[in-house]
Every structure is written in structure tokens, then in C-alpha cells.
Amino acid sequence: MSGCFASATGLELRAELIAEAVAQKRLLSMEIELSRDCNPRCALCDGVESEGANRELTSQESRDVILQAKALGARTITILGGEPMIHRGIFDLIEFIREQGLGVALFTNGANVAADTAQRLFENRVNLALEMDAFTPMVQRLRAQEEDASLAIEALRNLKEAGYPSDEASLAISTRICRHNMSEMVDLWQWLRDQGLLPYLEMMPPKGAAPASQQSDVEPGKLHDLFDEIARIDAEKYGRIWEPQPPLVGHACLRHGFSCLVGATGNVTPCVGLPIVLGNVRRDSLRRILEDSEVLEDLRNATRTIKGPCSECDKAGHCYGCRGTAYNLTGDYLASDPTCWRNADRRDEILTLPVAVEGLIPHQAPMCLIDTLLSVGERSARTSVRVTGEMPFVDTDGLLDECACIEMIAQSIAAMAGFRRAGRGTPQIGMLVGAKDLRIEGPVHVGDLLEISVYKTARFGEIGVVAGIVQRDGTVIARGEIKVWENAASDAARA
């Protein structure tokens with residue numbers, strides 16, 4: 001499956017239309033997974049597994065979220081998987097989307113795309129992205145098992161006989177660039193152009209359950225050379241002018257300002273490559289999830305929030321690399337993309353989690369009660385600390401006072417805010433203003449390693465409500481809720 005948005009979806013967008021959608025927190029497209037089920041077990045798969053029929057969205061739930069997306073301005077629905085063409089309700093959903101006056105795009109490995117199926121897809125004007133990584137059968141089997149390796153070729157033949165590509169139903173070839181197929185990419189690109197097919201080549205995301213020997217492992221310099229060579233050929237042979245930039249050959253990925261992914265069990269994430277859960281459509285409306293998301297707010301303002309070398313790049317106004325790659329390699333969705341060739345000599349400037357909290361929070365020793373920021377997500381973070389005898393609130397018997405747990409929770413949410421703004425202008429100004437329902441469920445002693453988990457459950461203007469849990473070796477030591485004041489001027493200066 002593809003990880004980014006581009007013209008493979010059949011939706012071409014003007015810059016001003018995207019800017020309007022960003023300002024209004026509206027959608028122009030939405031991706032939806034019907035199921036995580038897939039027919040092959042690809043060697044380079046990112047670990048797609050079935051979620052179980054009882055957990056997956058029902059047909060009615062899928063239709064409901066599509067209507068919600070339409071109400072938010074979506075013009076195209078892109079269907080993903082797993083493998084959507086093995087889903088028994090695939091055409092019912094396609095026809096429902098078309099009845100709503102929306103465009104349909106679909107990524108497939110070619111499963112079940114027989115001649116009659118191809119004709120039906122064409123009649124419904126489905127924009128298809130057919131997944132094919134190489135001409136060489138051995139390399140293509142990275143996408144599928146041996147018996148499935150010819151699926152894409154057979155599907156391509158059936159689709160072309162059905163009428164693809166046409167002005168009303170585009171056909172793209174979705175290809176993941178890895179070290180196994182690098183040598184074929186230039187020829188593949190030219191073949192696709194000559195066939196009238198849309199090339200959709202993207203850098204292989206650095207994640208998944210594939211063995212190390214089968215990971216992408218393409219050096220940034222070699223990727224740069226490849227992108228440059230294809231750009232030169234495209235200009236000289238086909239009259240198409242574009243500037244090379246990751247992660248897509250010939251395209252820019254700025255989709256987080258106007259799109260999102262609804263997963264098979266209802267979890268909403270920015271895209272398939274950025275697995276930060278923003279909410280779930282079974283618990284909240286899609287509108288509320290998208291409007292309340294701090295992660296999406298950061299990504300909508302990417303030109304002012306991206307950190308490190310990418311923030312200083314002359315392409316920063318229309319490129320932010322791959323946010324999924326940045327997150328998977330650094331733990332930070334706002335980090336500079338480490339795989340971009342422009343950052344090859346500046347990787348030591350890209351902050352990677354876990355990281356010491358020094359400089360992220362205003363607290364100094366001995367009042368700093370946390371050591372390390374472990375992870376940051378949607379309104380959430382995890383930190384840790386090793387309790388020492390030099391810390392305040394520790395008595396002569398080496399027992400930590402209960403009130404310290406509240407301060408640890410407060411400092412953890414401060415660390416999350418500080419990390420989001422690291423190196424980017426005005427620091428967040430905040431204050432602990434209240435606490436309630438503190439429950440102490442065990443003592444803490446010098447030498448204990450604690451992990452603190454915090455989640456901002458609500459915001460009321462400048463006041464945030466934060467739930468926190470303090471654990472030792474997986475056992476809850478304390479839990480409670482705090483209220484924090486965060487100066488809106490800090491965000492206003494940043495926005």
C-alpha cells in the first residue's frame with residue numbers, strides 16, 4: 001500500500017484550495033481501510049495483519065464516516081487495505097461513494113482483478129493504483145509470494161482491455177523504491193510514461209517486520225542521483241519539469257493539511273505512514289477528532305513547526321520530507337527527515353527520542369523530578385526518572401513523598417510541550433493550577449525507576465486537563481488528574 005498522497009488518487013489540487021482547507025480544518029480527501037486482510041505475505045510488508053471481523057468497521061460504520069468526510073469537504077475517498085479487492089463488500093462501497101458524488105481511488109496488488117472486475121471498476125470510474133515494484137519476477141516477489149507475483153501483470157492486462165487509463169479513470173503504478181529494485185527504476189519510469197500510466201514511485205518507509213537483509217537501505221546520495229536522473233529524463237524526453245525532493249518521485253507530499261486515514265478498526269491517523277492515533281470514529285465524530293488534534297495542528301503549520309535542518313531549507317515552503325519516516329526514525333513527527341539527501345551531513349542536528357528533558361522544561365536541579373522524555377504522541381507523552389537521594393521530597397529513610405507524583409505528572413506534560421517547540425521560537429509558558437483524585441497505590445524508594453504517562457484529556461481555552469499515571473515495572477504507583485495553564489500567547493507566536 002502507498003504511504004503518501006499524490007496524483008495517483010486522481011485528485012489534483014491547487015495550492016490555494018489546500019491553503020483554504022488548512023485554514024478551515026477541512027478535508028479534501030480521506031483514506032479508509034476496509035480490512036487489514038491481505039492475500040500475500042510480502043517480504044517487505046510493514047506487518048499488515050487482520051484485525052478480526054468483530055473489531056473492523058461494519059459496512060454501515062464505513063458509510064457513516066464517508067458521509068462525515070463529505071460533510072467536511074472531502075472530494076475523493078481512497079480505499080486501502082490490507083488488500084481491498086478481496087473484501088466481499090468492495091463494490092457496494094465503491095457504488096455508495098459514487099452515489100455521493102465523490103471520486104474513488106483504490107490501491108491494489110491486483111488480486112481478483114479479472115476481466116469482468118476490471119470492467120466494473122472502469123464503469124465506476126475508479127482511479128486505480130496498481131502495486132508493482134519491478135519488472136524482474138524475483139524482485140516483484142518482495143511484494144508477494146511466488147504464486148502471487150504475477151497478479152499485477154495479469155491485472156494490468158485486464159485493466160487496459162477494460163479501457164484504462166482514460167480521462168475519467170486513471171491508472172497509476174505504485175512502486176516502493178528499495179535497494180533491490182533501484183537498478184530498474186529509470187527503465188520502469190520511462191515504460192510507464194510510454195504506456196500512458198501514472199508513475200507513483202516512493203521511497204521505502206524505514207519500518208516494519210522485514211528482515212534487515214530486505215530493508216530498503218538506500219543511501220541518500222544514491223536516492224538523490226536517482227531522483228535527479230529521472231527528473232532529467234522526464235524533462236528532456238517527456239517535457240515534464242519538476243524539482244526532485246523526497247519522498248515521492250515527481251510529486252510533493254503535503255497531504256496532512258487536507259487528508260487523513262481511517263483505519264479498519266476506526267482509529268484515525270494522519271496517514272498510513274504516520275501511526276499516531278488521533279482518535280477513533282467509534283468514540284468521537286471525525287470533525288471533532290480533526291479539529292481537536294494537536295498533531296494535525298502542528299502539521300497544518302509545518303512551515304513553522306518542523307525542526308532542525310528542514311526548517312532552514314530553501315524548499316521548506318512546499319516540502320517537509322516524509323513525516324512518517326521522520327517519526328519512525330526519530331520518534332518525532334516534527335523532526336527533519338533523516339533520509340533526505342539535503343540532511344546527509346546534518347543528521348547530528350536531528351533530535352531523536354528518547355532524550356534528556358534538560359532544556360525542554362524550565363525546572364532546574366534539584367526541582368527537576370524527571371530525567372528522560374521517552375515518547376510523544378497525540379496530546380500524550382511518556383517520561384522516566386530514576387529516584388535519587390538528592391531529589392527533593394525524599395525523606396531520611398529514602399521514601400519519596402506522595403506529592404512528588406503530582407509534580408512528575410506536571411513536569412511530564414511540560415516536557416511534551418517543550419519538545420514540540422524545541423528550537424522553534426517562543427517557549428511554552430505554563431503552570432500547575434490544580435490537582436484532584438490523586439490515588440497512591442504503593443511507596444516509591446530511592447533507586448526505583450519510574451515511568452510517567454500523561455494524556456491531555458480536554459482543553460478549555462488556556463486550561464488543559466491532564467490524566468497521569470506513575471508506574472514502576474508495569475505496576476501503578478500513583479494516578480491522578482491535574483489542571484495546567486498554558487499561555488496561549490506562546491502558541492499564537494508560533495502559529
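Okay, so, the big picture before the details. The chain has 495 residues, and buried ones make up 55% of them. On the secondary structure side, we've got 15 helices and 16 strands. If you take the contacts with a separation of 6 or more, 69% of them join residues 24 or more positions apart.

Since this is a predicted model, a word on confidence. Mean pLDDT for the chain is 87, with 86% of the residues at 70 or more. There are two stretches I'd like to flag. Over residues 1-5 pLDDT stays under 50, and the model has 33 contacts beyond four places in sequence for them. Residues 208-215 also stay under 50, with 22 contacts of that kind in the model. Where pLDDT is low, the predicted coordinates should not be read in detail.

Right, on to α3. How do you describe two packed helices? You give the angle between their axes and the distance between the axes. Here the pair is α3, residues 90-99, and α4, residues 115-123: the angle is about 15°, and the axes are 11 Å apart. Anything under 35 degrees counts as roughly parallel, so that's what we call α3 and α4. The crossing of α3 past α4 is left-handed.

Which residues make that contact? From α3 it's F91, I94 and E95, and from α4 it's T117, R120 and L121. Sort the residues of this contact by type and you get three nonpolar, one polar and two charged.

D167 sits in the loop between α6, residues 151-162, and β5, residues 171-177. Is D167 buried or exposed? Its relative accessibility is 86%, so it counts as exposed. Also, D167 and R125 are 42 residues apart in sequence, while their C-alpha atoms are 9.4 Å apart in space.

That's my tour, happy to take comments.

How values were computed: Residues numbered from 1 in each chain as written. Predicted model: local features only at pLDDT ≥ 70, side-chain atom pairs only at ≥ 80, totals over all residues. Heavy atoms only, no water. Axes fitted to C-alpha atoms, helices over the stretch in contact; angles between N-to-C directions. Helix = DSSP H or I, 4+ residues; strand = E, 2+ residues; numbered from the N terminus. Parallel < 35°, antiparallel > 145°, perpendicular 65-115°, else oblique. Left-handed = near helix turned anticlockwise from the far one by under 90°. Contact = heavy atoms within 4.5 Å. Nonpolar A, V, L, I, M, F, W, Y, C, P; charged D, E, K, R; others polar. pLDDT = per-residue confidence, 0-100. Buried < 20%, exposed > 50% of the residue type's maximum accessible area, 1.4 Å probe, protein only.
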